[in-house]
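Open the model in your viewer and get your selection tool ready. We will go from stop to stop.

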Amino acid sequence: MTNTPRPGRPSYPVPAPDSPLGVFALGLRELREGAGSPSFQRMAEQARTLGLRVSATSLRNAASGEKPPTLATVTAFVRVCLSFTPGTGEEALADWRRRWERLTGESGNDGEKRADGVERAPLARWRKGNLPAETDSFVGRDGELTALAHRLERARLVTLTGIGGVGKSRLARRVAAQRAAAHRDGAWLVELAPVPDPGAVAWTVATALGVQEDDPSDAVAQLARQLRDRRMLLVLDNCEHVLAACARLVDALLGTAPGLTVLATSRRSLGTAGEHVWPVVPLTVPDGGTNGQAATNPAVRLFADRAAAAWPGFSLTGANIGDVAELCRHLEGLPLSIELAARWTRTLSPRQIREHFVDRHRLRASGPAGRVRHRSLDTVLDHSHDLCSAQQRILWSRMSVFSGPVTAEDVCEVAGFDPLEGDSVLTALDALIDQSVVVPVDTPTGRGYTLLETVRGYGRRRLVEAGEEPLLRERHQDWFMALAHRAYAHSYGPDQAFWLARLRTCINNIRLALDNACHDGTDPQQVQVTTADLWQYWMVTGRLAEGRSRLERALSLSSKPTYALCRALWACGYLAFVHGDHSVARNHAEQALKIALSVGHTESEYGARVLLALTTLGRGGLSRSLELARGAWSMTDRSGFMSQLCASVTGLAYTLQGRSEEGMTWLARAREMAERHGEVWHHSYNLWAMGLNLLLRGDLSASEHLRQALRLKASIGDRLGIPAVVETLAWYAQERGEDERAALLLSGAEALWGTTAPRLFRFEGLVTLHRGTHGRIREALGQERSEELMEQGRGLGFEEVVELAAGEEL
């Protein structure tokens with residue numbers, strides 16, 4: 001690629017002390033002195049803790065008066081100083097904004113401009129975690145919230161302990177939301193209740209945080225490396241069933257990442273060093289007193305709030321408050337028990353609810369308090385169970401076999417057998433939703449259904465009592481392994497996007513099915529084929545380390561030379577290639593080829609040869625890669641995914657060799673196959689390669705192909721492929737002379753690569769192009785400005801990077 005020289009940036013002499021710029025800089029220096037004269041590096045670090053993105057160099061330049069600073073730099077400077085000397089922050093900030101506007105003659109309302117008139121991109125909005133929005137009110141525990149917030153200021157690991165239903169998760173989420181702003185990288189929630197396998201805890205955390213899996217052999221160590229520079233609050237919810245794995249992970253993360261704070265919830269403490277255990281107790285209940293006093297009691301307020309949500313006409317009155325208070329006392333202030341009981345106001349009066357719960361299910365007075373509270377929850381669940389029909393009870397217990405959200409189809413196929421069949425399954429499901437036993441949730445493919453963990457545990461006990469657990473585990477395993485096969489069968493065609501979304505919905509259940517299959521003596525070939533069926537899901541979601549780990553486990557079950565072994569070797573090799581482990585990928589491809597030749601399976605032989613061509617291309621062997629790809633092409637029937645991949649590999653090899661016309665011919669063949677089959681995922685990669693081909697020959701119409709590739713990738717959520725397209729659009733912007741935009745895109749791509757795979761899959765020819773573009777940007781903008789923009793780009797969120805790259809609504 002070529003680069004047109006551009007005028008150098010204007011320089012600014014250090015101003016006279018009495019000049020407007022000199023007075024402005026002097027004021028900043030005095031502000032810093034009043035804050036204790038922290039170093040500029042310390043100020044930059046403090047800015048990051050406040051969620052601001054500014055470099056030490058920018059702060060130093062602002063105070064020196066060498067050049068007019070940006071409004072963002074001034075804002076960061078002032079906020080940092082005020083954080084060291086708390087006071088009238090907003091007033092001081094407004095004052096400094098007015099000073100900046102007088103100095104520059106610019107308004108700070110719409111983006112930013114330097115005093116020299118050069119537009120700057122607006123500051124990045126840092127993504128502050130993934131905490132879900134609360135859907136109902138938070139009642140009570142005000143004192144606990146304040147005390148917990150103070151504890152989290154001093155302790156790096158706090159574990160909320162208590163029985164099921166006491167409100168640990170809700171309390172953790174509320175305090176995390178309040179503390180998020182104190183952490184540069186926000187607050188992040190990881191729900192561990194659906195995780196069946198302790199070995200999957202680190203992967204689950206990595207998925208939630210969006211960090212790159214770079215070591216399939218030790219997910220804990222690689223996650224610790226990825227988080228070492230992060231300053232965040234990590235909430236690990238429901239740790240009790242994977243306690244040892246959580247303790248090991250937390251030890252590793254806290255020992256590596258000094259800016260990390262962990263808030264965990266568990267029925268038991270993690271038992272790790274430095275842990276602060278915070279017991280969560282039930283809400284206080286009325287103890288005599290007047291009706292007015294009872295009305296302000298936290299437990300009564302919670303009942304009234306939830307009852308009004310279930311039945312809009314409900315309110316506390318002199319006629320019903322006594323019954324509500326007695327019910328809350330009986331339920332020992334346990335929030336989940338109270339919430340479940342309150343939902344019955346749709347059909348029963350408070351007095352009738354009290355009669356059902358208190359008179360029919362009165363607890364024995366003896367026994368430890370903790371056990372009594374367990375019984376109070378069982379009382380509510382027993383009552384809900386008693387009010388269910390026989391078919392509803394059966395469905396409740398059978399649905400306890402699921403891990404995470406499921407679709408109505410999943411429920412019917414796994415739980416729908418004698419005496420619960422046909423429409424009766426959906427009828428029972430609808431009734432359980434109405435009774436708040438089953439919770440409807442949104443999934444990538446529409447409405448899904450799940451059980452709260454406490455409700456699931458109750459159902460599992462009932463399932464065991466009925467003697468149906470072995471049968472349900474078998475039906476669950478058969479269904480979800482078959483579902484993986486169905487998804488693979490549709491992975492090359494017009495239904496591809498739907499099935500990728502379907503896999504996203506049920507992946508926890510597929511993981512559980514595979515784990516059970518590996519331990520119960522299921523035919524190894526079936527496990528190998530099913531695991532290989534998921535390779536595209538792991539590609540699109542960027543979960544490469546998990547995919548490789550599961551494939552390696554499947555490979556270890558049997559070395560018998562079969563079609564299944566070839567499939568698993570190919571899938572594991574392909575993921576290793578994308579992960580940048582080209583030698584491992586080549587070894588798997590060679591093994592697959594050897595087995596395919598020995599068993600005479602032409603399709604497997606063809607796939608292995610294409611993978612060999614791809615791995616050779618990744619290591620820079622252009623001529624040898626072309627030889628291998630052309631040899632493989634001679635075997636193909638010119639249809640199907642492998643043929644499309646072979647044509648793309650051939651076209652990319654020609655492109656990187658500088659033979660653009662031949663490269664475009666082969667890439668056009670791949671495009672024709674994709675369009676004929678209605679395929680999206682690989683088609684988007686091929687469009688990216690076509691855009692690269694045009695860009696390398698100096699044809700700026702490349703953006704049409706690149707933006708189309710980006711739109712397709714965004715439509716299926718291809719987090720692995722999007723960084724590749726964004727990176728190439730950065731090269732395109734630099735070629736057009738848009739160096740500032742190119743810097744933002746290049747560093748934005750860097751941030752996205754960090755959540756998916758090594759930059760450009762460690763593809764030798766592409767990495768060389770990246771280095772050239774990066775060097776030209778630094779040359780054109782100067783080190784300081786390029787570093788400032790790079791820092792800003794790395795702070796962009798995923799959606800912001802995609803929007804910036806697209807330059808339009810997707």
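A cavity is a set of grid points where a 1.4 Å probe fits but cannot get out. Keep that in mind for the second stop. Note too that this is a predicted model.

**Stop 1: the whole chain**

Show the protein chain as a cartoon. Its secondary structure comes to 38 helices and nine strands. The chain has 810 residues, and 56% of them count as buried. Now think about contacts between residues at least 6 apart in sequence. Of these, 72% join residues at least 24 apart.

**Stop 2: the largest cavity**

How many cavities of 30 Å³ or more does a search of the whole structure find? It finds six. Go to the largest cavity, which holds about 260 Å³ of space. Select Tyr 574, Leu 614, Leu 652, Tyr 685 and Trp 688. Of the 17 lining residues, these are the closest to the centre of the cavity.

Next, colour helix 26, helix 30 and helix 32 (681-696). Each supplies at least two residues of the lining. Helix 32 gives the largest share, five residues. What classes of residue line the largest cavity? There are 14 nonpolar, three polar and no charged residues.

**Stop 3: the second largest pocket**

Move on to an open space. The second largest pocket has a volume of about 540 Å³. Select Tyr 488, Arg 567, Glu 603, Phe 641 and Met 642. Among the 25 lining residues, these are the closest to the pocket's centre.

Now colour helix 21 (469-489), helix 24 (535-541), helix 26 (563-578), helix 28 (602-618) and helix 30 (641-656). These elements give two or more residues each to the lining of the pocket. Helix 28 provides the largest share, six residues. By class, the pocket lining has 13 nonpolar, nine polar and three charged residues.

**Stop 4: helix 7**

Select residues 168-179. This is helix 7, with 12 residues. From first C-alpha to last it reaches 16 Å, close to the 16 Å expected at 1.5 Å a residue.

Show side chains for Lys 168, Leu 171, Ala 172, Val 175, Ala 176 and Arg 179. These are the buried residues of helix 7. They lie on the same side of helix 7, because they cover an arc of only 130° around the axis. An α-helix has 3.6 residues a turn, so residues three or four places apart point the same way.

What do the buried residues of helix 7 pack against? Select helix 6 (142-154), strand 3 (157-161), strand 4 (187-191), strand 5 (232-237) and strand 6 (260-266) to see these partners.

Notes
Residues are numbered from 1 along each chain as its sequence is written. This is a predicted model: local features need pLDDT of at least 70, side-chain atom pairs count only at pLDDT 80 or more; totals for chains, interfaces and linings use all residues. Side-chain values use heavy atoms; hydrogens and water are left out. On a 1 Å grid over the protein atoms alone, a cavity is a set of points where a 1.4 Å probe fits but cannot get out, and a pocket is an open set with protein on both sides within 12 Å along at least five of seven lines; lining residues have an atom within 4 Å of a point. Grid points are joined across faces, edges and corners, and a volume is the space filled by probe spheres set on the points. Helices (H or I, at least four residues) and strands (E, at least two) are DSSP runs, numbered from the N terminus. Ala, Val, Leu, Ile, Met, Phe, Trp, Tyr, Cys and Pro count as nonpolar, Asp, Glu, Lys and Arg as charged, and the others, Gly among them, as polar. The expected span of a helix is 1.5 Å times one less than its number of residues. Buried means under 20% relative accessible area, exposed over 50%, partly exposed in between (1.4 Å probe, protein chains only). The arc is that of the directions from the helix axis to the C-beta atoms. Contact means heavy atoms within 4.5 Å.
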